[in-house]
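Subject: A structure for you to look at

Hi,

Here is the structure I promised to pass on. Have a look at it first, and then read my notes below.

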Amino acid sequence: MEKLIITAAICGAEVTKEHNPAVPYTVDEIAQEAYLAYSAGASIIHLHVREDDGTPTQRKERYEECIEAIKKRCNDVIIQPSTGGSVGMTSKERLEPVILKPEMATLDCGTLNFGGDEIFVNTENMIKEFGQEMLNMNVKPEIEIFDKSMIDMAVRLSRKGYIKEPLHFSFVMGVNGGISGELRDFVFLKGSIPCGSTYSVAGIGKYEFSLAAASIISGGHVRVGFEDNIYLEKGVLAKNNGELVEKVVRLAKELGREIATPEEARKILGLKKGV
Ligand code: KMH
Ligand code: ZN
């Protein structure tokens, strides 16, 4: 089996210090959390950024500052900015970090209920626009899947030339409004992607570690981090993202799967080292 790529989603756009005081906002806090996750075994940092007061932003200047600060602490880590941003942002705002030509960025492949009256909008035309922009900038998309139909959308748009193969998916499972985090749904998703694709699983909340274990034994990859879950175990807040990554490393060790370095992750995903 390929080595395991661990992605750390260190910050997200919705989780706050009220949920867990260790959620990073400032450039320094974000860089430190990235470093702790990397030191524990993460090879990819899925990056959202915040203003100092915690407000989510997609400003490219803020991304630039955070990426520089992360690279100072862990030069070889793969940085994967979000183009999801937070609910309500315009396409133009959301695409700002792609201007920096990162090695990877997320590509959300469908619209989703996001709790209460919130809707995370990703129309077909938006997905085409985002896919095309990533092709232009030579950025590898991580295709974010919140439901099975989003796989079908990605495959269709890939056939039309908006996303280059081999496809790399992130199954984000357990979001209210999206597919559940149950094992049967994981099996359904992984059985629905084209041959030759790779995938990672991000289980939301209580699903984080059960789905991590399922992915480890199935040959998939794993995402953990405060964006998805703030607890190390039931009722125990994680002190930092590093603790969440360490738990995945322990699971992988028990289950006989080695951890990929960033260089090994680049080979698995077909990346060329970039920003
Ligand atoms: N914050 C969510 C609305 C992504 O990073 O691409 C979207 C999100 C997905 O987090
Ligand atoms: Zn995200």
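Helices (H or I, at least four residues) and strands (E, at least two) are DSSP runs, numbered from the N terminus.

Some ground rules before the rest. This is a predicted model, in which local features need pLDDT of at least 70 and side-chain atom pairs count only at pLDDT 80 or more, while totals for chains, interfaces and linings use all residues. Residues are numbered from 1 along each chain as its sequence is written, chains are lettered from A and ligands numbered from 1 in the order in which they are written, and side-chain values use heavy atoms, with hydrogens and water left out.

Back to H5. Its buried residues include Met150, Ile151, Met153 and Leu157; buried means under 20% relative accessible area, exposed over 50%, and partly exposed in between (1.4 Å probe, protein chains only). The buried residues of H5 pack against strand E7 (112–113), helix H4 (124–136), strand E9 (140–145), strand E10 (168–173) and helix H6 (183–190), where contact means heavy atoms within 4.5 Å. After H5 comes glycine 161, with a positive phi near 95 degrees. In the loop between H5 and E10 you'll find proline 166, and a cis peptide bond, with omega about 0 degrees, joins glutamate 165 to proline 166.

Next, the zinc ion (ligand 2). Its protein donors are His46 (NE2), His48 (NE2) and Glu227 (OE), at 2.1 to 2.2 Å from the ion. Donors are N, O and S atoms within 2.8 Å of the metal (3.2 Å for Na, K and Ca), and since water is not among the atoms, sites may look incomplete. The spacing of the donor residues in sequence is H-x1-H-x178-E. Distant parts of the chain are linked here: histidine 46 sits in strand E2 and glutamate 227 in the loop between E12 and strand E13 (231–233), 181 residues apart. Histidine 46 counts as buried because its relative accessibility is 1%, whereas glutamate 227, at 22%, counts as partly exposed.

Strand E12 (residues 221–224) is worth a look too. Side chains in a regular strand alternate between the two faces of the sheet. In E12 both faces are covered, with His221 and Arg223 buried on one side and Val222 and Val224 buried on the other. E12 pairs in the parallel sense with strand E1 (residues 6–9) over 3 bridges, and with strand E11 (residues 198–203), also parallel, over 3 bridges. Two strands pair if DSSP finds at least two bridges between them. Alanine 8 has valine 224 of E12 as its bridge partner, and serine 200 stands opposite histidine 221. Together, E11, helix H7 (residues 208–218) and E12 form a right-handed β-α-β unit: with the strands pointing away from the viewer, the path from the first strand over the helix to the second runs clockwise.

Now the inside. In the largest nonpolar core, which has 40 residues, Ile10, Leu47 and Ile70 touch the most other members. A nonpolar core is a set of buried Ala, Val, Leu, Ile, Met, Phe, Trp, Tyr and Cys residues joined through side-chain atoms within 4.5 Å. The largest share of this core, 6 residues, comes from H1. Leaving out residues up to four places away in sequence, isoleucine 70 touches Ile30, Ala31, Ala34, Leu47, Val77 and Ile79. There is also a second, separate core of 38 residues, with Leu112, Phe130, Met150 and Tyr199 among them.

Lysine 101 has a positive phi, near 55 degrees, in a residue other than glycine; lysine 101 is in the loop between helix H3 (91–95) and strand E6 (104–108). Asparagine 138, not a glycine either, has a positive phi of about 60 degrees, and its place is in the loop between H4 and E9. Asparagine 138 counts as exposed because its relative accessibility is 61%.

Cheers
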